[in-house]
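Me: Please take a close look at one helix in this model. I would like to know what it packs against and what surrounds it.

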Amino acid sequence: MRRSRTKSKNILLGVCSSAACFKALSLASALVKKGHEVKTVLSPSAAKLISPQLFSAVTKNEAFSEQFGESFAFSDGHISLSDWADLYVIAPATANTIGKLAAGICDNLLLTLAVSRRVKLFIAPAMESVMWKNGFVRENVAKLKSSGVRFIGPVNGRLASGSTGPGRMSEAEDIIKKLPL
Ligand SMILES: Cc1cc2nc3c(=O)[nH]c(=O)nc-3n(C[C@H](O)[C@H](O)[C@H](O)COP(=O)(O)O)c2cc1C
């Protein structure tokens, strides 16, 4: 078997409730195949669109979606997950989560981890072009970029609605190429 020459990293993968959330499974799987350890945190809405169990199966690690779940019986549960991570990648990121991040809101575990992190945050947005071009979203993206958050994509392409334009989530391999692995 060919071994990866990159050093194994602990990657926290945040998944939001986008039509592109199935692509996060390919990303998780590709990262695991490259020898990285992946733990997934889904927004509560994402957990309605895609099962956290699928991420557990692919990553062989527990997938989290509840801020107040059993895994977090101790108040510093989010801190131990933050401390574990070498980098935090939110893919796909919705307009909603981008807005909350820009405002420092922590009303779910995915967001709390972004604010309590000590590591770099990478965001791969996914949304319809009309949302990506919206003034609120433009301002929120600019604010996050100016505080050091790295954006990967989105790219031009076919969107969930069937239209074509900017807003399509980057493919897993393109995201991986842009991560410091
Ligand atoms: C099937 C479906 C697909 C969606 N796709 C997107 C999307 O790609 N991008 C986006 O910004 N919002 C999308 N939404 C809307 C978000 O799910 C909604 O704004 C939600 O509140 C986001 O929550 P979250 O950011 O906590 O995951 C979609 C909703 C549904 C039901």
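Reply:
**Helix α5 and its surroundings**

Helix α5 packs against helix α8 (residues 135-146), with an angle of about 50 degrees and their axes 9 Å apart. That angle makes α5 oblique to α8. The crossing of α5 past α8 is left-handed. This is a predicted model.

Look at the contact residues next. On the α5 side they are Ala95, Ile98, Gly99, Leu101 and Ala102. On the α8 side they are Phe136, Val137, Asn140, Val141, Lys143 and Leu144. By type, the contact of α5 with α8 has 8 nonpolar residues, 2 polar and 1 charged.

**The other helix partner**

Helix α5 also packs with helix α6 (residues 109-116). Here the angle is about 40 degrees, and the axes lie 10 Å apart. The two helices, α5 and α6, are therefore oblique to each other. In this case α5 passes α6 in a right-handed crossing. So what is the hand of each crossing? Right-handed with α6, left-handed with α8.

The α5 residues that meet α6 are Thr97, Lys100 and Leu101. Their counterparts in α6 are Leu110, Leu111 and Ala114. This contact of α5 with α6 divides into 4 nonpolar residues, 1 polar and 1 charged. Note Leu101. It is listed in the contact with α6, and Leu101 is listed in the contact with α8 as well.

**The ligand**

The largest share, 3 residues, comes from α5.

There are 17 residues around the ligand. Those that come nearest are Cys16, Ser17, Ser18, Ser43 and Thr94. The shell around the ligand holds 10 nonpolar residues, 7 polar and no charged ones. By comparison, the contacts of α5 with α6 and with α8 each include 1 charged residue.

**The sheet**

Now the strands. An open sheet has 6 strands in the order β3-β2-β1-β4-β5-β6, with parallel pairing. The edge strands, β3 (63-64) and β6 (150-151), each pair on one side only. Helix α1 (residues 21-33) packs on the sheet and touches β1 (10-15), β2 (37-42) and β4. The direction of α1 makes about 175 degrees with that of β1.

Strand β4 covers residues 87-93. It pairs with strand β5 (residues 121-125) in the parallel sense, over 4 bridges. Ala93 has Pro125 in β5 as its bridge partner.

Strand β4 also holds Pro92. A cis peptide bond joins Ala91 and Pro92, with omega of about 0 degrees.

**Backbone details elsewhere**

A cis peptide bond also joins Gly153 and Pro154, where omega is about 5 degrees. Pro154 sits in the loop between β6 and β7 (155-158).

Lys60 lies in the loop between α3 (52-59) and β3.

Notes: Residues are numbered from 1 along each chain as its sequence is written. This is a predicted model: local features need pLDDT of at least 70, side-chain atom pairs count only at pLDDT 80 or more; totals for chains, interfaces and linings use all residues. A residue is near a molecule or strand if its C-beta atom, placed from the backbone, lies within 6 Å of it. Ala, Val, Leu, Ile, Met, Phe, Trp, Tyr, Cys and Pro count as nonpolar, Asp, Glu, Lys and Arg as charged, and the others, Gly among them, as polar. Axes are lines fitted to C-alpha atoms, for helices over the stretch in contact, and angles run from 0 to 180 degrees between N-to-C directions. Angles under 35 degrees count as roughly parallel, over 145 as roughly antiparallel, 65 to 115 as roughly perpendicular and the rest as oblique. A crossing is left-handed if the near helix is turned anticlockwise from the far one by less than a right angle, and right-handed if clockwise. Two residues are in contact if their C-beta atoms, placed from the backbone, lie within 7 Å. Two strands pair if DSSP finds at least two bridges between them.
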